[in-house]
Amino acid sequence: MPVRRVLATLILGIAFVSTARAQDLASFEKRTTVKVLPNGLTLIVCERPEAPVFSFYTLVDAGSADDPQGDSGLAHMFEHMAFKGSTEIGTTNYPAEKIALAKVETAYAAYDDEYRQRVGQDPAKLAQLKKAFEDAQAAAEKYVIPNQFSEIAEQNGAVGINASTSEDSTQYFWSMPSNRLELWAYLESQRIAHPVQREFYKERDVVQEERRMRIDSNPIGRMVEQFLATAYVAHPYGRSGVGWESEISQVSATEAEAFHKKYYVPSNIVIAVVGDLKASQTMPILERYFSKIPPGPKPTPMTTVEPPQFAEKSVVIREATQPFYLEGYHRPDYRDPDDSVYDAITDIFSNGRTARLYRSLVRDQKIAAEAEGFSGFPGYKFPGLFAFYAVPLPGHTPGEMRTAIHKELDRLKTEDVTDEELQRFKTRARADLLRGLADNEGLAHQLAEYQTRYGDWRQLFRELDKIDAVSKADIRRVANKIFVDSNLTSARIEYVASKTPAKNQGGAK
């Protein structure tokens, strides 16, 4: 529809703020208001009147790393459930639906208990309990208004409706016309405060299918999952973010409710709203809706610390598919004083066709189709990995990729980077930061992220000082400290022709 396309372009395509508007801390301080509500929820409003639209970004400081033991994938599962509505949205009769959903949980608990019997499982009883569970689901389904939450938002001009779950956090976001702010506040506060686990087991099937597509039937997905499980022996970063199949298949709506109660408390949430809004008028509206969310204790910080790695570890997958090489080195979390040094190494090794890995492996040696390095994998809230990967061209092997990458790492340890490389990193880092502030959605994301991680969104601008302070000596020092064999975990896919079964030479049997 032309009108929808125009609206989408207007909302999501505010590419850059006018150069006349300063992109410095002082300018943003004048337009940004932060308020912590009595229940602990943090609200950020940033005024940007370039177009009559706004974007929001809700950041819940809980991700896959916070999944309870035995319930991997629960954070991701709950993200899916956040679109199912609330006690007021998505139902024709919530009091009756609540009773029906309680019966679903009772039936599922009975079925699950029999299913988990390792000795003496009764197949007939299991089938009977499964039928009772399915009947309870069907009864609860009668009260559901499918997709009502998203449809209300879309009918009122929302675009880019989405959410994501990382190892570190869960985030929800979209953009819509400014005159729909109060409707958005109602919708968002409803799904935070009063979510309903309707159609939970149907959605669980969707998540299982997602796992099958992203990991089980994807050689690189399986390799990465095994790589992380090998690199980590204690910290939850070693678990599957989407969840292990056996755990996804048995997680319950009751467990999802417990996860919500623990992590979706106001003190663990930051919401940033950016657009054509006046803080003096907007903040009272937001307070009216979000202050009603019941308070709860902020979750206890994770105490598990990954022990130092003292020996090289590796994963080798042999099958008839595209060869691949991946390696990673443990590094500290984002609070480390050298965090910007890791950013510099990422840029120098991987940012575009002038980067070292591209020039060496792709352009000059012509042994790889792709080659890059990146930091903070699979997350950065806790100590993560600095990883490198390369995709061999036909006739070349993962072993060649490893040798070529290590040659570049040795150079980084023994030779200073050039003045041009260091300056290019600093220039691009500044440009990337400013580019990230140029549209409403990107700015809302950054404000919420920095407010969560540092307790002050202003740290976003202070990053420039840390970037400017990076020196050649810093890069060599960090490279020699981190990129050592005893800190290395590698994974590779080696091509092995599939064994086709021999044709039956005899007669029919």
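Q: Which helix supplies the largest share of the lining of the second largest cavity?

A: Rolling a probe the size of a water molecule over the atoms shows where empty space is left. Here that share, three residues, comes from H16 (helices are DSSP runs of H or I, at least four residues, numbered from the N terminus). This is a predicted model, where local features need pLDDT of at least 70 and side-chain atom pairs 80 or more, while totals for chains, interfaces and linings use all residues. Residues are numbered from 1 along each chain as its sequence is written, and side-chain values use heavy atoms, without hydrogens or water.

Q: Which residues line the second largest cavity?

A: Asp347, Ile348, Asn351, Thr354, Ala355, Arg359, Glu421, Arg424 and Arg428 (on a 1 Å grid over the protein atoms alone, a cavity is a set of points where a 1.4 Å probe fits but cannot get out; lining residues have an atom within 4 Å of a point). H13 (339–350) and H16 (419–436) each give at least two of the lining residues. By class, five are charged, two polar and two nonpolar (Asp, Glu, Lys and Arg count as charged; Ala, Val, Leu, Ile, Met, Phe, Trp, Tyr, Cys and Pro as nonpolar; the others, Gly among them, as polar).

Q: How many cavities of 30 Å³ or more does the structure hold?

A: Three. Among the residues lining the largest are Phe83, Lys84, Pro146, Arg198 and Glu199. Its lining splits into five nonpolar, four polar and three charged residues.

Note on methods. 1 Å grid on protein atoms, 1.4 Å probe; cavity = no way out; pocket = protein on both sides within 12 Å on 5 of 7 lines; lining within 4 Å. Points joined across faces, edges and corners; volume = space filled by probe spheres on them.
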